[in-house]
Amino acid sequence: MRTVIAGGHGQIALRLERLLAARGDEVAGIIRKAEQADDLRAAGAEPVVLDLESASVDEVAERLRGADAAVFAAGAGPGSGAARKDTVDKAAAVLFADAAVRAGVRRFVIVSSMGADPRHEGDEIFDVYLRAKGEADAYVSGLDALDWTILRPGQLTDDAGTGLVRLEAHTGRGPIPRDDVAAVLAELVDTPATAGLTLELISGPAPVSVAVKSVAGN
């Protein structure tokens, strides 16, 4: 299986790349800076240098052609201003989804945020972020050409993963190690029966594979 990840140098993306490569999958990560390439190679991923804030749909589609799945894990980051929430968290996600459609890649997983809502009110940076993520989710979920799954993790931590999670339409708020988010993404990529679902994720009682199978109805 070949998976292409947008935001390939992100903390969750690097973990996901290691997991996919370790199980024998082909994985490519889209990055903005060539100096990040060695980190991706160390994770077992093929680095693809492309700026999603300036690339065209055709340019992105070319990098996606032949993939079995696409994962949007890019983000403007906590130090960025409101403008980049719009150009990365929203516009780059829309671009990546459109490119997946053009490239014929049906399986599409987007890493969102708990509380994401296109109607979220407020003018603080985090309000803008939740609105941008919500708008991206709404756009992706309206594309019939994609078998999409939206994952909304709770409060991200750098604690060691436990492999135990709660994955449901509504979990309530709570923390989740980035390790466990990556493990859930690796399962979701390989579970197209979760298409059409928006899922919240926090630490919980169920092993990752059991949690994913449960929401997939297996």
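Student: Which residue just after α7 takes a positive phi?
Tutor: Gly 217 does, with a phi of about 80°. Helices here are DSSP runs of H or I with at least four residues, and strands are runs of E with at least two, numbered from the N terminus. Before going on, note that this is a predicted model, in which local features need pLDDT of at least 70 and side-chain atom pairs count only at pLDDT 80 or more, while totals for chains, interfaces and linings use all residues. Residues are numbered from 1 along each chain as its sequence is written, and side-chain values use heavy atoms, with hydrogens and water left out.

Student: Which residues of α7 are buried?
Tutor: In α7, residues 208-216, the buried ones are Val 208, Ala 211, Val 212 and Ala 216. Buried means under 20% relative accessible area, exposed means over 50%, and partly exposed lies in between, using a 1.4 Å probe and protein chains only.

Student: Why are they on the same side of α7?
Tutor: Because they cover an arc of only 130° around the axis. The arc is that of the directions from the helix axis to the C-beta atoms.

Student: What do they pack against?
Tutor: The buried residues of α7 pack against β8 (164-168), α6 (178-189) and β11 (206-207). Contact here means heavy atoms within 4.5 Å.

Student: What about α3: which of its residues are buried?
Tutor: Val 60, Ala 61 and Leu 64 are buried in α3, residues 57-64. Seen down the axis of α3, these fall within an arc of 100°, so they line one face of the helix. Their cover includes β1, β4 and α4. After α3 comes Gly 66, whose phi is positive, near 90°.

Student: Changing topic, in what order do the strands of the sheet run?
Tutor: The order is β3-β2-β1-β4-β5-β6-β10-β8-β11, giving an open sheet of 9 strands with mixed pairing. Two strands pair if DSSP finds at least two bridges between them.

Student: And which strands stand at the edges?
Tutor: Those are β3 and β11; each has a single partner strand, so one side of each is left without a neighbour in the sheet.

Student: How do β4 and β5 run, parallel or antiparallel?
Tutor: They run parallel, joined by 4 bridges. By contrast, β8 and β10 (residues 197-203) run antiparallel, also with 4 bridges.

Student: Why is β5 described as largely enclosed?
Tutor: Because 5 of the 5 residues of β5, residues 107-111, are buried. Arg 107, Val 109 and Val 111 point one way, Phe 108 and Ile 110 the other way, and all are buried. In a regular strand the side chains alternate between the two faces of the sheet.

Student: Which residue stands opposite Ile 110?
Tutor: That is Phe 72. Phe 72 is buried, at a relative accessible area of 0%.

Student: How many aromatic pairs are there?
Tutor: The count is 3 aromatic pairs, where rings of Phe, Tyr and Trp (its six-membered ring) pair if their centres lie within 6.5 Å; planes under 30 degrees apart count as stacked, over 60 as edge-to-face and the rest as tilted. One of them is Phe 72 with Phe 96, a tilted pair at 6.0 Å centre to centre and 50° between the planes. That pair links distant parts of the chain, with Phe 72 in β4 (residues 69-72) and Phe 96 in α4 (residues 82-103), 24 residues apart. Ring pairs join Phe 72, Phe 96 and Phe 108 into a cluster.

Student: Finally, where is Glu 46 found?
Tutor: Glu 46 is in β3, residues 46-49. Its relative accessible area is 36%, so Glu 46 is partly exposed.

Student: And with which side chain does the Glu 46 side chain make a polar contact?
Tutor: With that of Arg 2, at 3.2 Å. A polar contact is a pair of N or O atoms within 3.5 Å; within protein, one must be able to donate a hydrogen and the other to accept it, and residues adjacent in sequence count only if both atoms are side-chain atoms.
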